[in-house]
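Let us work through one structure by question and answer. Please look over the sequence and the fold before reading on.

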Amino acid sequence: MPQDQPPPRNTPETGTAEITPQEFSAQRLWPGLLPWQHLLCAWILGMLAWEWPVPGATALCLYLATLIGSWEPPLSRLNKADAQASRQEPSPAWLPSPGRTAYTLIPVLLAFVFGIVTVHHIHPTPPPGKERPEINHRTPTTITANVVEVRPRPGNHYQIILRDVLIHPPETAASESPQPLGGGLLWNWQSPPHTPGPGQEVRVALRIRPIQGMANPGMNRSEDYWARQGIYHRAYSREANTVPHYSGSIHPAWEYRNLLREKILAATPSGQGQAMLLALLMGDRSLLAPETMDLVQRASLAHSLALSGMHLGFVVGLGWLGATILGWIRPQLYLRLPRPKLVVLLSIPLVLGYLWLGQAVPSLLRAALMFASWGVLLLLNRQRVLLDGLFLALLFILLLSPLTVFDLRLQLSALAVAGLALVWPLGREAMRFSQRPWWQKPLAAALGILAVSTVATLALLPLQAWYFGRISPHLYLNILWLPLLGMVVFPMGLTGLLALLTPWTATMASPLLSMASAVLEGMVGGLAALDQAGWMVVTIPARPFWPQFLGYWMLLLAAAAWWRSPQSIRPATMVLAIALLVVPGLSTIISDQRSQVTLRLLDVSQGQAVLLELPGGSRWLLDGGGFWSWDYDLGRNVITPVLTHGQPPRLGGIALSHAHFDHYRGLFHPLRYFQVRQFASQGSGPEGRDGQILEDILARRTIPTAVWRKGDMIDLGRGVYLEVLHPGPEWLSADNQNNASLVLRLVWNGRPLALIPGDIELPSIAALLQNISAPDALRAEVLVLPHHGSRTSHSPQFYKMVQPDVALVSTGFLNRFNHPHPEVRQSLVKKSIALLNTAEHGAVSIRWNGQNRQAIITSERAGRIDVGKMASRQKRKNLPSAPGTGGLFGPGL
C-alpha cells in the first residue's frame, strides 16, 4: 500500500471499522467547545436565571439536551459492525452511557447553581428604610459627594455619578451631623454651563428622590438597572438653575482629555459633523442632536457611534497599516515576526490610547479585553482565535464584574462575535482580498462588509426587537458608511488628534480634523436627504416572547452546524426549535379569539393611557400619555413596546380624550408606524407644533378620522361598545380643555365594565350628574378617576352614582401635583372602593372572561389583587398612599 494512502475503513481480519480523529466529532453541533467553556456557559445561564428563573432553567435544559444529543461515541460504529457480524440490533448511537451522562451533567449543573448563588450573593440591596435619612423630594436638599464618573449624552445632557453622598441637615437643625444617603446618586444635568470632573468633591442643593421607573408588561425597569450599580436615588437639574461648589482637583487624565476636547472643537466648524467626530474619537455624544441619533438608528448605523470592538478594529487597522509599511521597508522582518503578531504589538499602544480617549467606557473596555484575548492567542500560535478569544474575554470580564452579564452592551457584543465565529468559515474565502484580481477586490470588500453586518444583525435580531422595538432594513448603507469611517474619517481624525499633542505638528491638526468633520457632515447630510425622500422607513416588529428567543438561536446554531456537517442535524432539535418559535404566537392568536375583554391602565407616569383588548384580537388605545419635554419620546419608549409585546403593530383605533400633552404626545409614534383603522377625538385637537405634527401624520398615513359627541354609541364588535356620555358641542369652547374631555363607558352585552372620564373637572361632573337619564346611567365596575384624582375633580356624589368595585388612577411617582388628592382617597375609603395607583402598583390589568364572571385584576408590581381585601386594608389605614405620596407634603391640587 502506498505510504500516502489512508488505511481501509474495514479490515477483513477484524471486520470492524477503524475510527480516526478526523472522522469522529464528539460534538457536531458545537464548534469544539472545551470543557471550561461549557462550564462558563452554564455559569452565565445561572446568573441570568437569577433574574429570569423560568427562561434561564429552560435554556439550561435545552443546552444539555442539545449537547448530549450531539454525541456520537466512537464505539457506536464498532457496535454497528459487531451487530452486523452477530446479526443483532445495534444500540442507538445517540444513547450515551449513564456514567458519561452524569460525568457531563453534574459539573454543568453545579456551574449553573453557582451562577445563581453568585448573583444572589453580590447583587446590591438598598439600605433598610430605617437607615435612610428623611428626604423631602419637594425641596432642595444640600449634599456633599464625590464625583466618580461623568457620562455625556445626546442633547447636551450629562449623567453625573456621585458616591459617598452625605445629606446635610437644614439650617434650622445645623447642630445635627450629616447622614449618608445609602448608595450612589444619579445626577442628571441638562445643558450645564460647566461640568464637574472625576476626583472632585461637590456641594450642591438638589431635589432628590428614589429611582422608580414605569412598570409595564414586557418591559424592563430602570430601578433594576441602576440598583445593579448600587445607585438608588436620582436628581435633575436644568441649565444654570443649580449652582454647585467644587473642591479638590480633577483627575489629571480627565483634565487633559477635556483640553483635547476643547482643541478639537476649536479646530472644527460647528455642526453635526463636529458632533459626530467628537462622538467617534472621544465617546462624547453631548453635541449630537436627538434627531441625528434617530436618523442614524433608522439607517441601521447606530453601532458605528457606540464605542466598541468595531472602533478598536479601526484602530487596529492603523496597526495593520504600520505593520504593512514596515514589511514593505524591511521584508525580512516577517521572517522573525509574522505580520499578524507584528500587528498585535503595534496595536497595543494605539488601543491603550484610544481606551483612555474614550473614557474607558464599559463597552470599550470589554472590547479591549476581547482584543487582548485574541492578541494573546495569536502570539501563542492558536488556530481558533475568534471563538476562544471571546470565551477568554467573557471569563475575565465576568470574573471582574459578574453583574455585567445583565448589561445589554455586553450581550449585544458577545452575541455578535459569537455569530461571526460560527459563520466565519463560510465567508473566509470572500475576505481573501490579496488572492483576487484587482478589479474584484472592491466588490469582495463590499460583500464582506455586508456579510459581517448581516450576520451580526441576524445574531442580534431578537434582542434588537425586544430592547429597541424596531428593525432597520437598511443594512446596505453599511457598505458605504463603514469604509468611509474606517479608511477616511478615523485615519484623518486620529492623525489630527495625535498632531495636537506636540507644538511642531499642531498646524497639521486643524486641516485633518476639519476634513474628517466635513466628511461626517456630508454623511449625515446624505442620510437626511434619504430621509427626506422617504427611504429611511423602519419596521416595527412584534417583540418576541422568551421561548422565541431560544427557538431562534437554536435554529441559527442548527443552520451553522448543518453547513459544517449536514449529518449533525437532529430532527428533534429542529422540531423543538420551530415549536419554540411558533407556539407562543399561536397561543396568542387563540387567546385573542376567546370571549374576553381586558382593560389595561398603562404606567405612563403623570399622564394617562388606556388599552382595550377586545374579543377577536382587536385593540383600541384611549390616550397615550406624554411628557412636557421633548427629550423623552414616551410613545416610542413605552407605548409602542407595550403594544407590540407578542402582538403585531396594529390597532383597531386610537381615541384622544382632549388636547393636553400628557394625553396625546405618546400617540405620535404609534400613529406613525402602526396600522390604525381610525383616529377619534371630540373635535378639538392640539395647537402649534404639536397640532401640526398630528395633522401631518394623519394626512401622510391617510388614517380616517372621526368626531365623537355625547350620545354616540361606538360599536367595537362582538357586543362591545363605547357610550359617549360627554361632551356636547357647547363644551368645546370651554376655557378649560379638561372639561371638554371625552367621557366613555365601556359596555359588553349590556354589562357596564368601566367608566373612563378623561380629565373632566367639577363643572363637567355636575353636568353629567344633572343630565343622567337613569339611576344606573353612570354605573360601572371600574372607574378611572378623572383628572388623575385631582381635588378639582373630587366628587363623592359622582363616586356614588358610578358605584365602582375598584378605582384606578394614573399618576407619576412622587408627582409634584400630589395626585391623587387626600380628599379623593378619603372618599373612596369611606365607600369601601379599592384604589389602584400606577405610581404604586405599576400598570393595572382587568380582565373579564365572561358575562357573569368576576373580573380578574393584576398589577405589574403586586401581581394578582383581591380588591375586597385591598379595600379593607386601605380602610384600616384610613389614608392609603404609595411610599412618599399622599398627604405628606401639602394639600395637592
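The questions below cover a helix pair and some aromatic pairs in this predicted model.

Student: Is the packing of H12 and H13 roughly parallel, roughly antiparallel, roughly perpendicular or oblique?
Tutor: Helix H12 (residues 362-379) packs on helix H13 (residues 385-400) with axes 8 Å apart and an angle of about 130 degrees. Roughly perpendicular ends at 115 and roughly antiparallel needs over 145. Therefore H12 is, relative to H13, oblique.

Student: How many residues of the contact of H12 with H13 are nonpolar?
Tutor: On the H12 side the contact includes Leu 369, Met 370 and Trp 374. On the H13 side, Leu 390, Phe 396 and Ile 397 are among them. Two residues of the contact are polar and two are charged, and the nonpolar ones number 12.

Student: How is the aromatic pair of Trp 620 and Trp 708 classed: stacked, edge-to-face or tilted?
Tutor: The ring centres are 5.7 Å apart, and the planes are 35 degrees apart. Stacked needs under 30 degrees and edge-to-face over 60. So the pair is tilted.

Student: How far apart in sequence are the parts that this pair ties together?
Tutor: Trp 620 lies in strand S11 (residues 619-622). Trp 708 lies in the loop between strand S16 (705-707) and strand S17 (713-717). The separation is 88 residues.

Student: Is Trp 630 buried, partly exposed or exposed?
Tutor: Its relative accessible area is 39%. Buried means under 20% and exposed over 50%. So Trp 630 is partly exposed.

Methods: Residues numbered from 1 in each chain as written. Predicted model: local features only at pLDDT ≥ 70, side-chain atom pairs only at ≥ 80, totals over all residues. Heavy atoms only, no water. Axes fitted to C-alpha atoms, helices over the stretch in contact; angles between N-to-C directions. Helix = DSSP H or I, 4+ residues; strand = E, 2+ residues; numbered from the N terminus. Parallel < 35°, antiparallel > 145°, perpendicular 65-115°, else oblique. Contact = heavy atoms within 4.5 Å. Nonpolar A, V, L, I, M, F, W, Y, C, P; charged D, E, K, R; others polar. Phe/Tyr/Trp six-rings, centres within 6.5 Å; stacked < 30°, edge-to-face > 60°. Buried < 20%, exposed > 50% of the residue type's maximum accessible area, 1.4 Å probe, protein only.
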